[in-house]
Amino acid sequence: MTIIKKILNFYIEGFKNQSKSSKRLWVIILIKLFIMFAILKVFFFKDFLKSKNLNEQEKSEYIINNLTKQNNESN
Amino acid sequence: MSQIDLSLVDWSRAQFALTAIYHWFFVPLTLGLSFIVAFMHTIYYRTGNKEWESITRFWMKLFGINFAIGVATGIILEFEFGTNWSNYSWFVGDIFGAPLAIEGIMAFFLESTFIAVMFFGWNKVNKKFHMISSWLVAFGSNLSALWILVANAWMQNPVGMKFNPETARNEMQNFWDVLLSPTAVHKFLHTITSSYIVGAVFVIGVSAWYILKGRHIIFARKSILIASIFGLLSSVFVAATGDNSAYDVAQQQPMKLAAMEGLYKGDTNAGLVAIGILAPNKEIKDVENPFIFSIKIPSLLSILAERDVNAFVPGVNDLVYGNKDQGIVPISERMKKGKTSIEHLKKFNEHKKQGNTTEAERSLKIFEDNYKDFGYGYLNKPEDAVPNVPLTFYSFHIMVGLGFFFIVLFIIALYNVATDKLKNKKWLLKLLLWSIPLAYIASELGWIVAEVGRQPWTIQDILPVSISTSHLSTSSVIITFFMFATLFTILLIAEVKIMLSQIKSGPKEL
């Protein structure tokens with residue numbers, strides 16, 4: 001328990017005693033992560049196959065169809 | 001023709017290239033500077049000298065800025081896999097899943113845990129543990145790079161996996177074949193050691209600026225000493241791993257090697273182009289000299305590619321149209337085999353659905369017999385298998401030229417700092433400072449050679465880029481392209497501004 005407390009205190013003190021520029025870096029990191037995960041990922045980078053609501057078998061069929069369609073049409 | 005339209009493919013490629021190039025602005029400095037900091041920290045630990053503490057703290061701070069701004073920029077590439085490259089993502093199966101999961105765990109436990117100890121641990125933890133934390137951050141950063149490079153190497157040389165025609169996914173057969181393929185080993189070693197050069201040149205360049213300004217002279221000299229030794233050793237290693245990589249390219253991706261060398265007509269005792277200017281109107285099939293001007297080192301390309309001075313090295317034309325004497329099959333033949341393989345992938349699944357086991361097995365055999373040429377079935381003409389020769393050629397030669405330049409630069413820096421002659425040579429100090437962007441250029445060019453040179457393939461010989469993309473609207477890819485361009489440009493400006501302000505403040509005297 002004391003070890004966990006020590007580790008926690010180490011982190012808390014470390015974050016508290018950071019310089020101004022380090023705190024500014026944390027703000028940049030948080031803004032960046034927010035843009036990436038809350039905006040880009042949610043609105044612009046949906047998983048293409050997941051968004052089609054297909055099960056695993058249907059996903060395989062969809063890809064096989066994509067892989068073989070061209071050849072079929074060009075023959 | 002149902003192939004996804006080229007403008008979508010090109011925008012998807014441009015977007016991926018943009019994010020990869022921006023991501024790579026941050027990575028090499030993290031990889032290189034982490035080890036330089038670890039060395040400096042070790043010297044401080046062993047000597048207890050306050051000057052070394054100040055040096056370690058300063059470079060650690062710059063490492064922290066670069067790490068903080070660059071962290072997670074690679075995740076965008078993973079977003080793109082799922083959205084823009086869904087055919088490819090599904091097709092590759094476990095190859096990205098397993099290594100990236102390991103990378104995530106490594107990065108989380110090693111980097112995030114020990115980075116905290118490294119930054120917060122001054123006078124708080126045992127000095128030895130603190131110093132070891134710096135080393136663990138360096139090893140953690142480099143190890144997390146290993147997994148993504150292994151995945152990339154698999155795309156250049158797909159071994160250790162087997163394609164399952166029922167699920168359309170590749171499945172891991174032998175993890176060690178994937179991890180220890182020569183392509184993976186050489187790629188990893190070449191990439192990380194070239195990143196050490198970026199770190200070394202950065203430290204030397206910034207330190208040279210201090211000497212030019214007449215500030216922190218002792219700090220700068222000591223930093224240059226460490227960085228030039230580290231850089232010189234790394235440069236020699238980069239040259240050796242580069243040679244191994246080129247040999248591997250010759251074995252696995254001969255078209256890439258031909259493009260790297262602007263070699264159209266294969267030859268025995270083939271010479272290596274030391275300097276060359278390509279003829280701008282050169283076409284694949286014509287007999288024109290591909291060079292306006294070139295200086296070649298006789299037979300060196302044969303030695304580099306085959307470890308044999310008399311060996312034949314195929315050119316673009318040999319690989320596209322075949323060379324009977326050398327046993328090279330023309331791409332038109334491989335296209336036929338590829339189309340047969342694709343056709344029987346379809347038939348196999350149709351027969352399987354109908355419950356026609358005999359026909360399904362027959363189709364499966366034909367599919368598998370022709371699978372190594374699977375990707376060629378998607379090409380419209382044999383010439384489509386040729387990458388952009390000028391871009392690959394110039395990127396390769398500028399990268400190699402800069403590689404040799406850095407060896408000389410490190411020797412000169414080391415000699416002058418060791419003999420205390422540096423502060424009187426303004427031209428050299430300026431050269432050292434302005435070499436910083438050159439190190440980044442060389443590092444990015446390495447990726448351009450690797451990725452442009454392997455076109456049209458996403459997975460060598462198996463899956464071309466044109467069939468890898470998702471059926472998205474081109475406009476949505478264009479929008480996200482510019483969003484990324486904006487986001488990454490802001491990040492890069494932030495990085496440069498914060499770095500410059502810290503550099504101007506300089507190290508704290510302790």
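## Basis of the model

This is a predicted model, in which local features need pLDDT of at least 70, side-chain atom pairs count only at pLDDT 80 or more, and totals for chains, interfaces and linings use all residues. Residues are numbered from 1 along each chain as its sequence is written, while chains are lettered from A and ligands numbered from 1 in the order in which they are written.

## Chain A

Chain A has three helices and zero strands; helices (H or I, at least four residues) and strands (E, at least two) are DSSP runs, numbered from the N terminus. The order of its elements from the N terminus is α-α-α. Its domain assignment gives domain 1 (1-44) and domain 2 (47-75), with bounds that come from an automatic or database domain assignment. The C-alpha centres of these two domains of chain A are 41 Å apart.

The radius of gyration of chain A is 24 Å, whereas a compact globule of 75 residues would have one near 11 Å. This radius is taken over C-alpha atoms, and the globule rule is 2.2 Å times the number of residues to the power 0.38. Along the principal axes, the C-alpha atoms of chain A fill a box of roughly 70 × 35 × 20 Å. Of the 75 residues in chain A, 15% are buried.

## Chain B

Chain B contains 18 helices and eight strands. Its radius of gyration is 25 Å, close to the 24 Å given by the globule rule for 510 residues, so chain B is as compact as a globular protein of that length. The C-alpha trace of chain B spans about 80 × 50 × 40 Å along its principal axes. Buried residues are 50% of the 510 residues in chain B. Among contacts in chain B with a separation of 6 or more, 78% are between residues 24 or more positions apart; two residues are in contact if their C-beta atoms, placed from the backbone, lie within 7 Å.

The domain assignment of chain B lists domain 1 (262-326) and domain 2 (331-382). Their C-alpha centres lie 34 Å apart. Helix α6 (residues 127-156) of chain B has 30 residues and reaches 44 Å from its first C-alpha to its last, close to the 44 Å expected at 1.5 Å a residue; the expected span is 1.5 Å times one less than the number of residues. In α6(B), 21 of the 30 residues are buried, and the helix is mostly covered.

## Cores and helix α8 of chain B

The largest nonpolar core has 142 residues, of which B:I36, B:W59, B:A200, B:I204 and B:V316 touch the most other members. α8(B) gives the most to this core, with 15 residues. A nonpolar core is a set of buried Ala, Val, Leu, Ile, Met, Phe, Trp, Tyr and Cys residues joined through C-beta atoms within 7 Å. A second, separate core of five residues includes B:L8, B:W11, B:V465 and B:V477.

Not counting residues up to four places away in sequence, B:I204 touches B:I224, B:A227, B:S228, B:G231, B:A413 and B:L432. B:F202 is in helix α8 (residues 182-213) of chain B. B:F202 is buried, because 25 other C-beta atoms lie within 10 Å. Leaving aside neighbours within four places in sequence, the contacts of B:F202 are B:L29, B:L33, B:I436 and B:A439. B:F202 and B:Y440 are 238 residues apart in sequence, with their C-alpha atoms 9.4 Å apart in space.

## Interface

In the interface, 40 residues of chain B are in contact with 33 residues of chain A. On the side of chain B that touches chain A, the elements giving two or more residues are α2 (50-70), α3 (75-84), α4 (86-92), α5 (94-120), α13 (331-354) and α18 (474-505) of chain B. The residues of this side divide into 23 nonpolar, 12 polar and five charged. Here Ala, Val, Leu, Ile, Met, Phe, Trp, Tyr, Cys and Pro count as nonpolar, Asp, Glu, Lys and Arg as charged, and the others, Gly among them, as polar.

## Backbone geometry in loops

Most residues other than glycine have a negative phi, and most peptide bonds are trans. A:N53, in the loop between α2 (20-44) and α3 (56-74) of chain A, has a positive phi near 55°. B:N123 has a positive phi near 60° and lies in the loop between α5 and α6 of chain B. B:N123 is exposed, with 6 other C-beta atoms within 10 Å.

B:Q455 and B:P456 are joined by a cis peptide bond, with omega about 15°. B:P456 is in the loop between α16 (426-452) and β7 (457-459) of chain B.

Methods
A residue is buried if 20 or more other C-beta atoms lie within 10 Å of its own, exposed if 12 or fewer, and partly exposed in between; C-beta atoms are placed from the backbone.
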